[in-house]
Amino acid sequence: MAKILFVVNEHPNEAFSISAARQTAKILKKGGCSIVWYKVPVKETMLGKVLANKKTEITHKMFNKDVQKSYERAKSLVKKYKPDLILNFHSTPHDDPYWKVKNKRRKGDFSIEQINLFGGKFLVIEVKAHYKPMPERILKKSIVIEANGPRYGEIGHYVTETTSHQMTRENGLTPEAFGKAIAEKVNNYLKKNGKVKRFERGFVKKTAKKKKTIRKSGRK
Ligand SMILES: [Zn+2]
């Protein structure tokens, strides 16, 4: 049985990705995987820092520290749980240039990027989502420094806007469809690596159908 570690909430403004992760976990669990669910406490995040202070300056240095912390966290979680695979869930705004870059792994409305860590067992998953501004009380608490260039490529986005489940759903992107499509990819990955002996038959077939739907509905 493959043990899969889910890491969610590194960016608390990406709550939609947690819903997609939950659906993915549900399917993988049905398929025979054992799931370890790790939700990063908000206080350990950049947004957590903003919430805890009156005024916070958001800088690239702060962001880089956050990324470093993410790898260190993963390292200690791997040591503790010894998973066969780590899935790190995130979301990216639907109109971000990220989705326009031609990349084999970015064909649909999500991407799975294999990070060269822990023997390649570390996969970063980005799902497409629609965003709305953070509540005013949170916006008041941060000053975004060095905010040049397109807004989504910038660090300020992590504290100034947040995913909207409603808007994302209205645009045909659902956690359920993401869950099915991503679980299928993960299943294939596990298969290649000899970790899916206990997956149920027909598991891939069932999910493959839905994947087409999600691509069609989400593309512009
Ligand atoms: Zn993220």
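Two residues count as in contact if their C-beta atoms, placed from the backbone, lie within 7 Å. With that in hand, here are some close-ups of this predicted model.

**View 1. Helices α3 and α7 lie across strands of the sheet.** Helix α3 (residues 60–81) lies across β1, β2, β4 and β6, and runs at about 150 degrees to β1. Helix α7 (residues 175–192) lies across β4, β5 and β6, at about 30 degrees to β5.

**View 2. Five strands make up an open, mixed sheet.** Their order is β2-β1-β4-β6-β5. Strands β2 (34–39) and β5 stand at the edges with a single partner strand each, so one side of each has no neighbour in the sheet. On average, neighbouring strands here are turned by 25 degrees against each other, direction ignored. Strand β1 (residues 3–8) runs parallel to β4, joined by four bridges, and Phe6 has Leu87 in β4 as its bridge partner.

**View 3. Strand β6 is largely enclosed by the rest of the structure, because seven of its eight residues (122–129) are buried.** Take a look at both of its partners: β4 (residues 85–93) pairs with β6 in the parallel sense over eight bridges, with Thr92 opposite Lys128. Strand β5 (residues 110–115) runs antiparallel to β6 and is joined to it by six bridges, and here Ser111 stands opposite Glu126. Six residues lie between β5 and β6 in their hairpin, and Phe118 in the turn has a positive phi of about 50 degrees.

**View 4. Lys26 sits in helix α1 (residues 15–30).** Lys26 counts as partly exposed because it has 16 C-beta neighbours inside 10 Å. The C-alpha atoms of Lys26 and Gly179 are separated by 8.1 Å, although the two residues are 153 apart along the chain.

Note on methods:
Residues numbered from 1 in each chain as written. Predicted model: local features only at pLDDT ≥ 70, side-chain atom pairs only at ≥ 80, totals over all residues. Buried ≥ 20, exposed ≤ 12 C-beta atoms within 10 Å, placed from the backbone. Helix = DSSP H or I, 4+ residues; strand = E, 2+ residues; numbered from the N terminus. Pairing = 2+ DSSP bridges. Axes fitted to C-alpha atoms, helices over the stretch in contact; angles between N-to-C directions.
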